[in-house]
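Please have your viewer open before reading on.

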Amino acid sequence: MQDLQELITQQPYTRLVTPKRILFVILGLIVLGCLATSFYTVDADEIAVVLMFGKSVRQAEPGLHFKLPLGIERAINVPVRKVFKEEFGFRTLRAGVRTQYDTRDYADESLLLTGDLSIADVEWVVQYKIKDPKMFLFSVRNPRQALRDLSESVMSRVIGDRTVTEVLTVGRIEVAAEVEEHLQQMLDLYQTGLDVATVTLQDVNPPEAVKSAFNAVNEAKQEKERLINEAWRDYNQSVPKANGVAAQRISEAQGYALKRVNEAQGDADRFKAIRSEYQKAKTVTRRRLYLEAMREVLPQVKEIYIIDGNANSPIPLLQLKE
């Protein structure tokens with residue numbers, strides 16, 4: 001045993017291992033550990049929340065930053081500029097040109113009761129961002145689950161205020177806007193640190209069990225609307241046309257009446273003028289009227305006879321035929 005210890009003490013490496021050198025190695029490892037844990041990087045779409053012994057002390061923008069090493073400060077990167085989405089009533093397995101959806105049934109999320117006590121199968125998507133990293137990390141234990149629970153609650157309440165026909169047809173945009181507004185109010189109330197970007201109704205259908213009957217009712221309503229529209233079309237074509245024809249007949253009658261009145265008034269004025277001239281010179285006027293009448297009548301007479309008042313028979317005088 002003594003020979004072995006002497007052999008060991010005679011080895012060259014025993015002279016290199018000294019307490020001073022061990023201390024230098026330990027200090028070097030500590031320095032390297034400090035350097036390795038003193039710097040952190042924040043990506044362009046992130047904000048870092050820096051914790052000192054578990055308490056939030058500051059936030060860091062994108063870039064390279066320094067923090068106290070050895071676990072004194074810890075940085076948690078939060079993607080505040082990234083848009084997340086939550087799907088209700090369906091799940092997307094792979095998005096693309098040919099989107100693949102999960103074949104499992106999520107009716108417990110999508111079947112909602114409407115205001116007229118009907119059931120609607122409503123599928124929707126909520127897109128959101130993180131607007132307050134500190135609230136997102138520390139105010140709520142699970143912000144994502146809180147968003148899902150609040151979204152289902154708000155959607156159920158909004159759908160319950162409308163009829164099934166309104167939800168399935170014209171009211172979809174209004175429903176989405178109202179859900180977005182109320183959901184944001186609830187998220188702010190619970191200090192989740194989330195900001196709702198959009199709420200989109202992906203698909204709204206009647207439940208599968210009554211889908212055929214519902215489609216038949218919709219087809220009947222559409223047929224009714226079509227017949228009503230056709231009736232209004234015929235009405236709009238026939239009634240204005242009849243009104244136009246009636247107005248034309250009335251206008252023509254009024255024009256004819258005005259024409260006859262004007263002609264009668266002209267004849268009366270003409271007769272009055274002639275009578276006035278006749279009173280001034282009866283002989284001349286009578287002769288002029290006689291000559292004017294003869295000028296109009298004689299060209300239309302085939303044979304002309306001059307009759308002697310003392311003779312017993314007419315004597316042909318003018319042979320106008322030749």
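Is E166 buried, exposed or partly exposed? E166 is partly exposed, because its relative accessible area is 26%, where buried means under 20%, exposed over 50% and partly exposed in between (1.4 Å probe, protein chains only).

## About the model

This is a predicted model: local features need pLDDT of at least 70 and side-chain atom pairs count only at pLDDT 80 or more, while totals for chains, interfaces and linings use all residues. Residue numbers start from 1 along each chain as its sequence is written, and side-chain values use heavy atoms, leaving out hydrogens and water.

## The largest pocket

The largest pocket has a volume of about 220 Å³. On a 1 Å grid over the protein atoms alone, a pocket is an open set of points where a 1.4 Å probe fits, with protein on both sides within 12 Å along at least five of seven lines. The points are joined across faces, edges and corners, and the volume is the space filled by probe spheres set on them.

Its lining has 13 residues, with G89, F90, D102, R104 and E123 nearest the centre; a lining residue has an atom within 4 Å of a point. By class, there are four nonpolar, four polar and five charged residues; Ala, Val, Leu, Ile, Met, Phe, Trp, Tyr, Cys and Pro count as nonpolar, Asp, Glu, Lys and Arg as charged, and the others, Gly among them, as polar. Both α3 (107–110) and β10 (119–130) supply at least two lining residues each, helices (H or I, at least four residues) and strands (E, at least two) being DSSP runs numbered from the N terminus.

## A closer look at D102

D102 sits in the loop between β8 (100–101) and α3. With a relative accessible area of 15%, D102 is buried. Its side chain makes a polar contact with the side chain of Y106 at 2.9 Å (a pair of N or O atoms within 3.5 Å, one able to donate a hydrogen and the other to accept it; residues adjacent in sequence count only if both atoms are side-chain atoms).

D102 also forms a salt bridge with R104 (2.6 Å, N to O), and R104 is exposed at 58%.

## Other salt bridges

The count comes to 16 salt bridges, each a side-chain nitrogen of Lys or Arg within 4 Å of a carboxyl oxygen of Asp or Glu. R162, which is buried at 12%, pairs with E166 at 3.6 Å. R260 and E263 form another, at 3.1 Å; they are three residues apart in helix α8 (residues 211–280), so about one helical turn separates them. A network of salt bridges links E86, R91, E109, R144 and R148.
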